[in-house]
Amino acid sequence: MTTPLVRDRSINPATGKLGVLTPGLGAVASTFIAGVLAVRAGHATPIGSISQMAHIRLGDRSAGRNPLIRDLVPLAELDDLVFGGWDPISSNALEAARYCGVLDESDLQLISGELEGVVAMDAVFDHRWVKRLDGQRVKQLPSKWDQALALIDDIERFRTDNGCDRLVMVWCGSTEAYQEPSAVHASLEAFEDGLKANDTNIAPSQIYAYAALQSGVPFANGAPNLAVDIPCMGELARRRGVPIAGKDFKTGQTLMKTLIAPGLKARMLGLRGWYSTNILGNRDGEVLDDPENFKTKETSKLGVLDTILQPDIYPDLYSEVDHVVRINYYPPRGDNKEGWDAIDIFGWMGYPMEIKIDFLCRDSILAAPIVLDLALFLDLAARAGESDLQEWLSFYFKAPQEPEGLKAEHDLFIQQTKLKNTLREWMGEEPVTHSEAG
Ligand SMILES: NC(=O)c1ccc[n+]([C@@H]2O[C@H](COP(=O)([O-])OP(=O)(O)OC[C@H]3O[C@@H](n4cnc5c(N)ncnc54)[C@H](O)[C@@H]3O)[C@@H](O)[C@H]2O)c1
């Protein structure tokens, strides 16, 4: 008997409300929430969101089947989303949006009542992990175990108060100080013992992740810190049957890198160096001004080129790449980052060429649709019976989490194919291979 190429799977319908919880109610989270409210009220279009705007080809080109993704897969409707979050500084989403200054007051005015209604819960926050911030609205509890239990209570209260059928959590909190996984992260048992013993290696993002997974809530990590990228969280996600994804939203300069590097490689053009520097002046920039927090971001940003270019396979083209990433905190720019790239490439007979990029981007405008897509797709994955790492969502991440024993895929176009083919497969459609006949 041959195995069929595609399998139909049953996906529970998206009935009732979906609560989207964000640890961190800063620039990204408030821009995401404001955007969804504005779209719902008919004031905006969800530009940048694959789940809302992208079409997906089904079958042969000649069949002319090209529905919107949201018409093919049973996603939650924007009208059914409710929002909640935790923050040690912002008190609600309106205040956060005004402080961050990403959106104009004229846009905020139209939805100000609803935004103000998204009130931040007191955070599990530890200054040691984000030295540039002083948390004011912080849970004062004796142990990390108590903090985890308090977050689990918050999650259940939010679920009940808002009549949610399902919840998802997307980490939109500050980047934490750099950390390698250690013994306390090796197993669920070690982690729970560590929570009770107040182990210093357990960061706040891991406590949120633990609370989410224990509550059956899928978790996506928008920052480069570990959060669910540790063995104990994989173990918990499998045990509770919960999907996870990470890490670090792919926006700005890294998005450009994953667009351009695959193009250079596709044409077998060599790369000698790639110097990236940024100025940004938002709270994220202030946090990343601390070397310990910058190291977490730098590690996430540096991994991209090697995996795309495969220097082991193409030593003549990519074995001598100098890759440098700098971020400079420069308050006058606020959230409107400017990123410069100086790219030194070489072509036929080794002749050098240069590419310069000056990207005047808006970080949170690029990140907000990612939060929406991750929330909707993780909820879909949960209803499709998926658990553990959702590698098909690596499209959205700067440093995709790696399945055990495998290298992550960084090339945006391969990631897009993976995302779309996963959706096709779940809906009982053939994968599209773009071969001559298809
Ligand atoms: N903006 C982007 O394009 C982008 C891209 C990739 C990754 N990120 C990451 O997303 C995260 C959010 O970015 P942002 O621009 O909104 O930053 P932000 O500084 O505006 O917001 C982060 C918020 O998290 C809060 N916070 C810190 N520790 C917390 C804790 N333990 N619990 C709850 N809240 C906590 C802070 O008070 C702050 O309000 C950062 O880690 C950033 O590095 C952003």
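Q: In strand 5, what's the bridge partner of Val170?
A: Ala220 is the partner of Val170. Strand 4 and strand 5 run parallel, with 3 bridges. Two strands count as paired if DSSP finds at least two bridges between them. Helices (H or I, at least four residues) and strands (E, at least two) are DSSP runs, numbered from the N terminus.

Q: How are residues numbered here?
A: Numbering starts from 1 along each chain as its sequence is written. The model is predicted: local features need pLDDT of at least 70, side-chain atom pairs count only at pLDDT 80 or more, and totals for chains, interfaces and linings use all residues.

Q: Back to strand 4. How many bridges join strand 1 to it?
A: 5 bridges, and the two strands run parallel. Gly19 has Leu167 of strand 4 as its bridge partner.

Q: How many residues of strand 4 are buried?
A: 7 of the 8 residues in strand 4 (residues 164-171) are buried, so the rest of the structure largely encloses it. Buried means 20 or more other C-beta atoms within 10 Å of the residue's own, exposed means 12 or fewer, and partly exposed is in between; C-beta atoms are placed from the backbone.

Q: And Asn221, buried or exposed?
A: Buried, because Asn221 has 30 C-beta neighbours inside 10 Å. Asn221 sits in strand 5 (residues 219-221).

Q: What does Asn221 touch, leaving out residues up to four places away in sequence?
A: Trp171, Ala227, Val228, Gly246 and Lys247. Contact means C-beta atoms, placed from the backbone, within 7 Å.

Q: New topic: the ligand. Which residues come nearest?
A: Gly24, Gly26, Ala223, Arg283 and Asp363, out of 37 residues around the ligand. A residue counts as near if its C-beta atom, placed from the backbone, lies within 6 Å.

Q: Which helix gives the most to that shell?
A: Helix 15, with 4 residues. Helix 1 (27-40), helix 12 (283-288) and helix 15 (363-383) each supply at least two.

Q: Where does the ligand lie relative to the domains?
A: Domain 1 (17-249 + 365-426) and domain 2 (253-360) both give residues to the shell, so the ligand lies between them. The bounds come from an automatic or database domain assignment.

Q: What is the bridge partner of Trp274 in strand 8?
A: His323. Strand 7 (residues 270-280) and strand 8 are parallel, joined by 8 bridges.

Notes: Two residues are in contact if their C-beta atoms, placed from the backbone, lie within 7 Å.
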